[in-house]
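Subject: Structure handover and notes

Hello,

Please find the structure below. My notes on it follow.

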Amino acid sequence: MEWEPEALKELEKVPEHVRSMAKMGIETSVGKRGKNIVTISDVKETEAQFRALMGKDEKDGKTTKIAVVRCDIVSETCPGVACFRAFNKRKVHFEEYGKDAEIIGFFTCGGCPGRRIFRLVDSLLKHNVDVVHLSSCMLMEGGYPKCPHIDEIRQMIIKKGVKVVEGTHH
């Protein structure tokens with residue numbers, strides 16, 4: 001897919017850690033419209049759609065569908081209460097979502113090295129998942145070790161075309 005220089009310049013404004021996912025999303029959107037050149041208006045249109053998805057613009061009334069993946073080992077001692085409390089109160093990593101957002105999935109990685117992720121994200125896509133949160137237990141060091149496979153898990157989800165947010169309640 002070709003990009004106009006102004007469109008590439010606009011893409012550079014996207015935070016680096018999600019830029020490749022944004023680029024893939026823009027190119028998919030443009031391709032579905034039968035185009036093969038990305039313009040600045042395509043980038044801005046996709047940005048507006050993203051803002052609506054994240055509850056920053058609730059004009060379209062779209063329900064954001066969220067899933068949370070958590071550490072299989074930690075799940076033996078954690079019932080997920082803090083993740084759900086943060087979502088229900090729209091706190092910490094859930095504060096950007098509109099009131100119509102809903103959690104449609106809450107699952108474990110399946111154990112190291114995240115063996116269930118690929119299959120479960122496929123299943124969530126059938127239910128129109130918009131975003132997957134990597135739970136705080138996978139990211140923090142302290143009571144539990146940080147997930148040694150977090151980068152691979154994140155990339156698996158992104159390659160499926162699903163937005164990833166790091167964190168839930170911390």
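In which sense do S3 and strand S5 (residues 131-134) pair, and over how many bridges? S3 and S5 pair in the parallel sense, over four bridges.

Before the rest, the basis of these notes. This is a predicted model, in which local features need pLDDT of at least 70 and side-chain atom pairs count only at pLDDT 80 or more, while totals for chains, interfaces and linings use all residues. Residues are numbered from 1 along each chain as its sequence is written, and side-chain values use heavy atoms, with hydrogens and water left out. Helices (H or I, at least four residues) and strands (E, at least two) are DSSP runs numbered from the N terminus.

The sheet

Four strands form an open sheet in the order S4-S3-S5-S6, with parallel pairing; two strands pair if DSSP finds at least two bridges between them. S4 and strand S6 (163-166) are the edge strands, each pairing on one side only. From one strand to the next the twist averages 25 degrees. Axes here are lines fitted to C-alpha atoms, for helices over the stretch in contact, and angles run from 0 to 180 degrees between N-to-C directions.

Buried means under 20% relative accessible area, exposed means over 50%, and partly exposed is in between (1.4 Å probe, protein chains only).

Contact means heavy atoms within 4.5 Å.

The buried residues in H7 are Ile150, Ile153, Arg154, Ile157 and Ile158. They cover an arc of only 135 degrees around the axis, which puts them on the same side of H7; the arc is that of the directions from the helix axis to the C-beta atoms. An α-helix has 3.6 residues a turn, so residues three or four places apart point the same way. The buried residues of H7 pack against helix H2 (16-32), H5, S5, helix H6 (136-139) and S6. After H7 comes Gly161, with a positive phi near 85 degrees.

Helix H4

In helix H4 (residues 81-88), Cys83, Ala86 and Phe87 are buried. Their arc around the axis is only 100 degrees, which puts them on the same side of H4. Strand S3 (65-70) and strand S4 (102-108) are among what covers the buried residues of H4. H4 is followed by Arg90, whose phi is positive, near 55 degrees.

Ala86 has a relative accessible area of 5%. Apart from residues up to four places away in sequence, Ala86 touches Lys91, Phe94, Thr168 and His169. Ala86 and His169 are 83 residues apart in sequence, yet 5.4 Å apart in space, C-alpha to C-alpha.

Aromatic rings and charges

Rings of Phe, Tyr and Trp (its six-membered ring) pair if their centres lie within 6.5 Å; planes under 30 degrees apart count as stacked, over 60 as edge-to-face and the rest as tilted. By this rule the count comes to three aromatic pairs. One of them is Phe87 with Phe94, an edge-to-face pair at 5.5 Å centre to centre and 85 degrees between the planes. The rings of Phe94 and Tyr97 have their centres 6.2 Å apart and their planes at 40 degrees, so this pair is tilted. Phe87, Phe94 and Tyr97 form one aromatic cluster. Phe94 is buried at 0% relative accessibility, and Tyr97 is buried with a relative accessible area of 5%.

A charge sits over a ring if NZ of Lys or CZ of Arg is within 6 Å of the ring centre and within 35 degrees of the ring normal. The charged end of Arg90 sits over the ring of Phe87, 4.1 Å from its centre. Lys160 lies over the face of Phe118, 3.4 Å from the ring centre.

Regards
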